[in-house]
Amino acid sequence: MKFAVSLTMERFSPDIPMERVKTNLLDLARMADEGGFETLWTAEHHTIECTISPNPLMTLTWLAQHTERIRLGTSTLVAPYWSPIRLAGEAALCDHLTGGRLEFGIARGSYQYEFDRMAGGMPQQEGVAYLKELVPAVTRLWADDYAHDGHYWKFPAAAGVPKPLQKPHPPIWVAARDPGTFDWAVGIGASILSTPLSAPAAEIAVLGEKFRKAVADHPEVPRPRLMMQRRTCVYERAQDWEVAVGHAIDYGRAFENLFQNIGTVRSGFPEAVPYDSVKGKDNYNPENIRRNLMFGTPDEVIEKLLDYEAAGVDQYCLGLTFNLPFELQKKTIKLWVDEVMPVFAARERDKKRHMARA
């Protein structure tokens, strides 16, 4: 199992200057690169300061100039906000400007607050239809001249310019939680980006089973990869869990505001909705959060990671963007590199030796 990190510029107060926000992201990206993380993922969001990423391709192009090896992925581009020709060209250019390190992740979108402003107010659930039309069109544009006559987009023969550096194109990843999206994504040869959100550990196995079924149902396609992401915080002392849990609770209430469109956003800053407005109250129980999310000492998170390994996860992604204090974000990456990665590197070596003897 490999490791990735999800990072985005975030600002929860107008008193925090953008220069500091930008510098913090760059510092964390460099730490992840030097520490041996496989991929850095960053998402697309609009009009909200807690996730400042109106064009993740631009962010990744910038980070590529300051990193050496780490893969750079979009987690995710929001399909209804793009046109096929524009996306094919911008993503391919990003692939060149990052030296062929782009991982192309895409999704239907999730925040209804954004859909009301970016997609004419359509229900965010309808974004999946855009996703299923957009991705095949982009791959055709990457390959050659292509004319499209679809439900959402129509255009005469055109080529994506430039063509991607990676051949035939950057790896494609699709965000998925429901079985239908798993099946469609695997069927087109895409890998899966998924998350158990704040659900108990049993959800990890459920998502793993959805992936295994999709793979089994498409034997004609080489097995893609499965990534799972959770909010993550690692600390040296077990009693330090309350800081991480407190930030997770506050961030979750802001997320509910945007996802359900039930709160107020002022100057780009979403207000946390009251507890009686949130869905799934168990997800806001401090002990449940401590248990379910990737919070703990190195030994505790190593134990939790075994559930992901057992579910067939190829890449575990540390979700660090939930207003966690910058020093704690750095501490998490350092402890992960120093104490967690070596354990799984050793497990991988043991597995290969066992397979060689079998």
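## Terms and basis

A residue is called buried when its relative accessible area is under 20%, exposed when that area is over 50%, and partly exposed in between, using a 1.4 Å probe and protein chains only. This is a predicted model: local features need pLDDT of at least 70 and side-chain atom pairs count only at pLDDT 80 or more, whereas totals for chains, interfaces and linings use all residues. Residues are numbered from 1 along each chain as its sequence is written, and side-chain values use heavy atoms, with hydrogens and water left out.

## Two threonines in loops

Thr 297 is buried, because its relative accessible area is 12%. The residue sits in the loop between strand S13 (294–296) and helix H10 (298–310); helices (H or I, at least four residues) and strands (E, at least two) are DSSP runs numbered from the N terminus. Leaving aside neighbours within four places in sequence, Thr 297 is in contact (heavy atoms within 4.5 Å) with Val 234, Tyr 235, Glu 236, Arg 237 and Ala 238.

Thr 195 counts as partly exposed because its relative accessibility is 21%. Its place is in the loop between S9 and H7. Not counting residues up to four places away in sequence, Thr 195 touches Arg 177, Leu 207 and Gln 229. With Gln 229, 34 residues apart along the chain, the C-alpha separation is 5.0 Å. A polar atom of the Thr 195 side chain lies 2.7 Å from the backbone oxygen of Gln 229. A polar contact is a pair of N or O atoms within 3.5 Å; within protein, one must be able to donate a hydrogen and the other to accept it, and residues adjacent in sequence count only if both atoms are side-chain atoms.

## Helix H6

Helix H6 (residues 179–187) has Thr 181, Phe 182, Trp 184, Ala 185 and Val 186 as its buried residues. Their cover includes helix H5 (127–143), strand S8 (172–175), strand S9 (191–194), helix H7 (202–217) and strand S10 (226–234).

The N-terminal end of H6 is capped by Asp 178, with a side-chain oxygen 3.1 Å from the backbone nitrogen of Gly 180. After H6 comes Gly 189, which has a positive phi, near 85 degrees.

## Nonpolar cores

A nonpolar core is a set of buried Ala, Val, Leu, Ile, Met, Phe, Trp, Tyr and Cys residues joined through side-chain atoms within 4.5 Å. The largest has 101 residues, and Phe 37, Ile 106, Phe 295, Leu 305 and Trp 336 touch the most other members.

## Pockets

Pockets are found on a 1 Å grid over the protein atoms alone, using a 1.4 Å probe: each is an open set of points with protein on both sides within 12 Å along at least five of seven lines, and lining residues have an atom within 4 Å of a point. The largest pocket holds about 1500 Å³ of space. Of its 50 lining residues, Ser 110, Tyr 111, Thr 195, Leu 197 and Phe 255 are the closest to its centre. H5, S9, S10 and helix H8 (241–260) each give two or more residues to this lining, and H8 gives the most, with 7 residues.

The second largest pocket holds about 410 Å³. Its lining has 19 residues, with Met 1, Lys 2, Asp 314, Phe 344 and Glu 348 nearest its centre. H11 supplies the largest share of that lining, 7 residues.

Note on methods:
Grid points are joined across faces, edges and corners, and a volume is the space filled by probe spheres set on the points.
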